[in-house]
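Please keep the sequence and the structure in view while reading.

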Amino acid sequence: MSARPNQESAAQQAETTSTHRAGFACFVGRPNAGKSTLTNALVGQKVAITSNRPQTTRHTVRGIVHRDDAQLILVDTPGLHKPRTLLGERLNDVVRTTWAEVDVIGFCLPADQKLGPGDKYIVKELAGIKKTPKIAIITKTDLVESKALAEQLLAVSALAEELGFEWAEIVPVSAVGDKQVDLLADLIAPLLPESPPLYPEGDLTDEPEMVMVAELIREAALEGVRDELPHSIAVVVEEMLPRTDRPADKPLLDIHANVYIERPSQKGIIIGPKGKRLKDVGTKSRKHIEALLGTPVFLDLHVKVAKDWQRDPKQLRKLGF
């Protein structure tokens, strides 16, 4: 008698372990809610650029998390915000299109900031998406005491109730402190459709290398610049070519990239006194680029003015938006 339940549970276990799931999840939230840092923590490697400045992310970077039971493809969207430029409008369109196509939506809310109008605006939009499961993720929990965290958990739960829906899960995480990041992946996986892996083992992103290199340069350029500049910086990698005269055991990749700003007066800020700032940008980004590509790199950077590019459809197209 007693052997039978064990046999059944073994069969059930076999069935559970053989069910593989794969699908797309996206993180949404207002700018600077910790979405990119969380994507990088889940993937285990830098695939999205991070900065303490809002509106850092402009491309939907897909980070790929490989597990035995599931493959999570994480779509990192720009922060939804009230647009002031054509670029802003296009970024919001990207967010809404992404929401319509994913299997799970994670709403990110920083633990150290009260629920604001921006958060309510996003959650109200999410309430209108009926079929997709939504997870509330309280980020940056390393920055607060447990009392403040509990208040945030209650506030985000009450907001969904007020708008007539329920979160599939509410999860506090700290990507920087690596707390509950694995738990978040455990909770997302069962919400994905049954499917074989969609990407080969070992792939961490489907972003083209040139786009990722441009993003790493832009991340370095964003560090320490004055408030008015971040939105004005765009980077385009013109070419990436292996140096032809090098022996096979000592390869070198030549990368030529342009950093675009909107006004001539901004050029000096990026270049810095005697070119020091631009040199620092090159040094910092080159380290990350070499780690990403696994090869030594010669990085050639130039600063160019693309007048008011955020408002000009032609310039936006040229810069990849």
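## Terms and overall make-up

Helices (H or I, at least four residues) and strands (E, at least two) are DSSP runs, numbered from the N terminus. The model is predicted, so that local features need pLDDT of at least 70 and side-chain atom pairs count only at pLDDT 80 or more, while totals for chains, interfaces and linings use all residues. Residues are numbered from 1 along each chain as its sequence is written, and side-chain values use heavy atoms, with hydrogens and water left out.

The protein chain contains 10 helices and nine strands. Of its 321 residues, 47% are buried, where buried means under 20% relative accessible area, exposed over 50%, and partly exposed in between (1.4 Å probe, protein chains only). Among the contacts in the chain with a separation of 6 or more, 72% are between residues 24 or more positions apart; contact here means heavy atoms within 4.5 Å.

Helix 4, spanning residues 117-127, has Asp-119, Ile-122, Val-123, Leu-126 and Ala-127 as buried residues. These residues lie on the same side of helix 4 because they cover an arc of only 145 degrees around the axis, the arc being that of the directions from the helix axis to the C-beta atoms. Pro-117 and Lys-124, on the other side of helix 4, are exposed.

The cover over the buried residues of helix 4 includes strand 1 (21-28), strand 4 (104-110) and strand 5 (134-139), together with helix 3 (86-101) and helix 5 (146-162).

## Helix 7 against helix 9

The axes of helix 7 (residues 209-222) and helix 9 (residues 276-293) come within 8 Å and cross at roughly 140 degrees; axes are lines fitted to C-alpha atoms, for helices over the stretch in contact, and angles run from 0 to 180 degrees between N-to-C directions.

On the helix 7 side the contact is made by Glu-209, Met-212, Val-213, Leu-216, Ile-217, Ala-220 and Ala-221, which meet Arg-277, Val-281, Lys-284, Ser-285, His-288, Ile-289, Leu-292 and Leu-293 of helix 9. The residues of this contact divide into 10 nonpolar, two polar and three charged, where Ala, Val, Leu, Ile, Met, Phe, Trp, Tyr, Cys and Pro count as nonpolar, Asp, Glu, Lys and Arg as charged, and the others, Gly among them, as polar.

The structure holds zero disulfides, a disulfide being a pair of cysteine sulfur atoms within 2.5 Å. The cysteine sulfur closest to that of Cys-26 is in Cys-108, at 9.2 Å, which is too far for a bond. Cys-26 is buried at 0% relative accessibility, and Cys-108 is likewise buried, with a relative accessible area of 0%.

Ala-33 sits in the loop between strand 1 and helix 2 (35-43) and counts as buried at 1% relative accessibility. Leaving aside residues up to four places away in sequence, Ala-33 touches Cys-108, Pro-110, Thr-139 and Lys-140. Although Ala-33 and Lys-140 are 107 residues apart along the chain, their C-alpha atoms are separated by 8.4 Å.

## Positive phi in two loops

Most residues other than glycine have a negative phi. Asp-178, in the loop between strand 6 (169-172) and helix 6 (181-188), has a positive phi near 55 degrees, and is exposed with a relative accessible area of 55%.

Lys-274, found in the loop between helix 8 (267-271) and helix 9, also is not a glycine and has a positive phi of about 55 degrees. Lys-274 is exposed, with a relative accessible area of 90%.
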